[in-house]
Amino acid sequence: MAKAALKLIESEPVLEGYRVLARKYRPTKLSEVIGQDFLVETLKRGIEGGRLSHAFILTGIRGTGKTTTARIIARSLNCEAGPTPEPCGTCSSCESIAGDRSMDVIEIDAASRTSVEDVREIIEAARYKAVSSRYKIYIIDEVHMLSKSAFNALLKTLEEPPPHVKFIFATTEIHKVPATILSRCVRFDLKRIESATLSSYFKVLCDKEKVGYEDEAIALIAKAAEGSVRDGLSLLDQAMTHGTAEVTASQVREMLGLSDQGLLLELFETLMSGDIKTSLEKLRYFYQEGADPVRLLEDLLDLTHWLHCIKINPDLAQDPTLSSEKREKGCALVQSLSIPTLTRVWQILLKGFEETKQAPSPQKALEVIIIRLAHLAPLPSIHELLEGFSPTPEKKKS
Ligand SMILES: [Zn+2]
């Protein structure tokens with residue numbers, strides 16, 4: 001199962017007559033890697049100073065550039081003009097690596113080759129010198145999937161590596177890699193990439209592709225990518241192949257299945273006013289648009305969380321991924337809502353979320369939650385009641 005999933009992730013979709021962005025713009029030198037400043041700087045110094053370990057392990061969530069970085073290290077080490085952090089891209093070594101033809105850079109997907117025999121094969125081959133390059137480089141992807149005996153076999157080579165051999169491991173699950181292996185590798189943690197960094201990168205790509213964009217659309221994609229360049233690029237691919245000459249926010253919202261934030265805020269506002277009838281009418285509108293009840297509840301939870309945040313710190317409403325409509329409506333709405341009310345709404349929604357997931361009819365479950373919210377939310381909390389009855393006159397605020 002995991003194998004199939006991995007395959008799915010690794011094989012980038014090929015859209016008709018179109019080279020996917022992730023492939024077209026894959027970085028080929030360290031200076032092109034985005035959002036991993038520490039890693040880039042450390043590797044650059046290591047390569048320039050000729051002080052590179054014989055084994056690396058790159059870890060991070062999927063899509064942060066582990067395999068790409070591994071290939072860049074391989075190019076950097078074997079470039080005929082190097083070792084250099086800026087491989088030339090034109091020498092026979094660089095070209096053969098780019099074309100997946102290098103005899104000296106061996107890429108292994110541990111998800112499909114986990115057995116001890118597979119590792120033995122590698123170790124046997126590691127004794128021989130590189131065919132035409134400086135180093136023989138083994139890139140082992142998803143290394144945590146190797147079997148225990150495979151790790152043990154590998155360990156012997158890691159303890160006394162031949163000088164012409166380098167290992168580069170990549171993994172999404174570093175905790176599954178034995179400590180004995182880890183202790184023999186230089187470890188790099190690839191960070192989730194900040195959405196601001198992703199945004200500016202995607203804008204550069206749009207310009208290169210001569211595709212127009214709305215800032216908000218790009219910000220939405222960057223946010224949805226959750227730190228993964230690959231996920232972001234595949235979303236951008238989808239947005240670009242939707243046919244329009246411009247990537248617009250409304251199109252991206254639709255593509256991401258984001259419910260209309262303006263309408264969601266209106267629903268929230270109606271709920272807080274205690275108008276049950278109108279709240280249910282508004283809810284029905286979402287259904288007509290094909291909204292999924294569970295997803296809608298998630299959106300309401302997100303919205304409640306966000307209202308909490310801007311209630312506490314109004315500056316947070318200035319987030320560029322927000323539409324101006326959401327910003328204005330949200331800021332106006334929290335004026336009339338107290339933290340205890342918002343917290344109570346959160347509790348009702350969260351409880352309702354679980355109920356809806358298990359309900360025979362999620363739609364009916366959501367309606368009942370909406371009624372509950374509209375009924376309860378405007379009521380003052382015990383704290384507010386007590387405050388209202390406080391004998392000290394200065395506490396009586398209108
Ligand atoms: Zn080169």
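**Exercise 1. Decide whether Thr248 is buried or exposed, and find its surroundings.**

Thr248 has a relative accessibility of 18%. Buried means under 20% relative accessible area, exposed over 50%, and partly exposed in between (1.4 Å probe, protein chains only). Thr248 therefore counts as buried.

The model is predicted: local features need pLDDT of at least 70, side-chain atom pairs count only at pLDDT 80 or more, and totals for chains, interfaces and linings use all residues. Residues are numbered from 1 along each chain as its sequence is written, and side-chain values use heavy atoms, with hydrogens and water left out.

Thr248 lies in the loop between strand 7 (246-247) and helix 12 (249-256). Helices (H or I, at least four residues) and strands (E, at least two) are DSSP runs, numbered from the N terminus.

Last, list the neighbours. Contact means heavy atoms within 4.5 Å. Leaving aside residues within four places in sequence, Thr248 is in contact with Glu214 and Ala217.

**Exercise 2. State which residues of helix 10 are buried and what covers them.**

Helix 10 spans residues 215-224, and Ala217, Ile218, Ala219, Leu220, Ile221 and Ala222 in it are buried. The cover over these buried residues includes helix 9 (195-208), strand 6 (212-213), helix 11 (229-241), strand 7 and helix 12. After helix 10 comes Glu226, with a positive phi near 45°.

**Exercise 3. Classify the ring pairs Phe167 with Phe169 and Tyr201 with Phe202.**

Start with the rule. Rings of Phe, Tyr and Trp (its six-membered ring) pair if their centres lie within 6.5 Å; planes under 30 degrees apart count as stacked, over 60 as edge-to-face and the rest as tilted. By this rule the count is five aromatic pairs.

Phe167 and Phe169 are 5.8 Å apart centre to centre, with 25° between the planes, and form a stacked pair. Phe167 is buried because its relative accessibility is 0%. Phe169 is also at 0% and so counts as buried.

For Tyr201 and Phe202, the ring centres are 6.1 Å apart and the planes stand at 45°, so this pair is tilted. Tyr201 is buried at a relative accessible area of 14%, and Phe202 is buried at 0%.

Ring pairs also link Tyr138, Phe167 and Phe169 into a cluster.

**Exercise 4. Describe how helix 13 packs against helix 16.**

Take the geometry. Helix 13 (residues 261-273) and helix 16 (residues 324-335) pack at an angle of about 15°, with axes 9 Å apart. Axes are lines fitted to C-alpha atoms, for helices over the stretch in contact, and angles run from 0 to 180 degrees between N-to-C directions.

Then classify the angle. Angles under 35 degrees count as roughly parallel, over 145 as roughly antiparallel, 65 to 115 as roughly perpendicular and the rest as oblique. Helix 13 and helix 16 are therefore roughly parallel to each other.

Finally, name the residues. Gln261, Gly262, Leu265, Glu266, Phe268 and Glu269 in helix 13 meet Glu325, Lys326, Lys329, Gly330 and Leu333 in helix 16.
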